[in-house]
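Please keep the sequence and the coordinates in view while reading.

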Amino acid sequence: MLDGMTPEEKFQAIVDAEDKIEPTDWMPEAYRKTLIRQIAQHAHSEIIGMQPEGNWITRAPTLHRKAILMAKVQDEAGHGLYLYSAAETLGIKRDEMQELLHHGKHKYSSIFNYPTLTWADMGTIGWLVDGAAITNQVMLTRCSYGPYARGMVRICKEESFHQRQGYESLIKLCGGAPEQKAMAQDALNRWWWPSLMMFGPHDSDSSHTEQSMAWKIKRVSNDDLRQQFVDMTVPQADFLGLRIPDPELKWNDDRGHYDFGEVDWDEFWQVVKGDGPMNRERVANKKRAWDEGAWVREAATAYAAKQGKRSAA
Amino acid sequence: MTYDVPVAPGESGDLQETIETGAEPWPMWEVFVRARRGISHVHIGSLHAPDPETALQNARDVYTRRGEGVSVWVIPSEDIHAFEPEDAIDYVEANEKVYRHATTYEIPDEVGHM
């Protein structure tokens, strides 16, 4: 049935039929670029996302929590690697993505530009930040680009651990001393709005949404995903006995959803443009790790070359 | 959460795709994992490594952190030769040979399961 179609029509027919596009298929240049932009940003988010949590590994309150946190941070590294591999199938080199990130040409999710001030931030990040990530990533398992969709399936399985361990650690904290519960409330107060910002600007202000929907890169709009997240999270906060810092938050019987207040979009754009509390430090740390690891990469390359010569001799 | 990159008002949404990089990157390897005894190795992803030994160690860390496999293969990506849907003329021929499929033969019900 694909006979006689232009490459563009054939491509869209595959997408419309809910089939997947694979790396060697013809694809519109803008589709390829949009995916590189999005997958690279996603990969960078996983990698930069190790820093706020790495901050607490040495200060975890018990060995058990420390082991969990290390496993989670290791997962984030793994997720970054799956995603860099997926981006590479579109023709960009991994080292290029690193350099573009270090030079501020590539971005990562703004949520990682906020500091992790207390232990309660670890539980709250798992609960809210990973919860928001899952909301989006479940949608992305149905994305039209095969390598990205497959990566998402693996990632979603592991994210479930991230969210559940975070929520469970908050249950413990909220059942503890009043000071511990206050610490959890403070973390929620700081992370709630940045978590809602993770879903991106309103649909009306989102420049890519329409085309990405037609290409089935994106399946649900920013505002719909944000609503889904709020509806899911409010009862979870109630269970913890914590108060979501939004005076306008209220169940709306007619809509069958929670109404909620407006995100501070000035703050959102400020952080996106590079002026969040931690932007400079995050990128500087990443670049330092890359630069200081250069000798390891070079030594491994030299060792491989030497072994190769030996086995050839 | 969204991963399409928000473009701030006044910012150019153009994507820079290439940039000067340093040393030649490590070669890429394809990773195949046998989930348990009795089934084949299945392609699970790819990674970069300087040599086979490091590739195997990285594959273990990246792809089998939760007991996903009992055996792992790594193969240099450049050694994989592929036949793509674009070369599909041979598929068409194969599809025309319906008589190759067991379901094209009608067997009376009285004969029972065959």
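Predicted model: local features only at pLDDT ≥ 70, side-chain atom pairs only at ≥ 80, totals over all residues.

Residues are numbered from 1 along each chain as its sequence is written, chains are lettered from A and ligands numbered from 1 in the order in which they are written, and side-chain values use heavy atoms, with hydrogens and water left out.

At the interface, 36 residues of chain B are in contact with 58 residues of chain A, contact being heavy atoms within 4.5 Å. The size of an interface is often given as the accessible area lost when the parts come together. Here chain B and chain A bury about 4,100 Å² between them, and 56% of this lies on carbon and sulfur atoms; the buried area is the accessible area (1.4 Å probe) that two parts lose on being put together, summed over both.

Four salt bridges are found across the interface of chain B and chain A, a salt bridge being a side-chain nitrogen of Lys or Arg within 4 Å of a carboxyl oxygen of Asp or Glu. B:Arg66 and A:Glu158 form a salt bridge through their side chains, at 3.4 Å from N to O. On the side of chain B that touches chain A, the elements giving two or more residues are strand 2 (42–48) and helix 1 (52–63) of chain B; helices (H or I, at least four residues) and strands (E, at least two) are DSSP runs, numbered from the N terminus. By class, this side of chain B has 18 nonpolar, seven polar and eleven charged residues. Nonpolar here covers Ala, Val, Leu, Ile, Met, Phe, Trp, Tyr, Cys and Pro, charged covers Asp, Glu, Lys and Arg, and polar covers the others, Gly among them.

Over all chains, the whole structure has 21 salt bridges. Side chains of opposite charge can pair when their charged atoms come close. A:Glu18 and A:Lys216 are paired in this way at 3.3 Å, N to O. They link distant parts of the chain, 198 residues apart: A:Glu18 is in the loop between helix 1 (7–16) and helix 2 (29–48) of chain A, and A:Lys216 in the loop between helix 9 (209–214) and helix 10 (222–240) of chain A. A:Glu18 is partly exposed, with a relative accessible area of 43%, whereas A:Lys216 counts as buried at 18%; buried means under 20% relative accessible area, exposed over 50%, and partly exposed in between (1.4 Å probe, protein chains only). Another salt bridge joins A:Asp186 and A:Arg190 at 3.1 Å, N to O. Both lie in helix 8 (residues 178–197) of chain A, four residues apart, about one turn of the helix. A network of salt bridges links A:Glu53, A:Lys72, A:Glu76 and A:Asp130.

The largest nonpolar core has 89 residues, and those with the most contacts inside it are A:Tyr31, A:Ile39, A:Tyr145, A:Tyr148 and A:Trp192. Such a core is a set of buried Ala, Val, Leu, Ile, Met, Phe, Trp, Tyr and Cys residues joined through side-chain atoms within 4.5 Å. Helix 6 (residues 120–140) of chain A gives the largest share of this core, nine residues.

In helix 11 (residues 265–275) of chain A, the buried residues include A:Trp265, A:Phe268 and A:Trp269. The buried residues of this helix pack against helix 8, helix 10 and helix 12 (279–292) of chain A.
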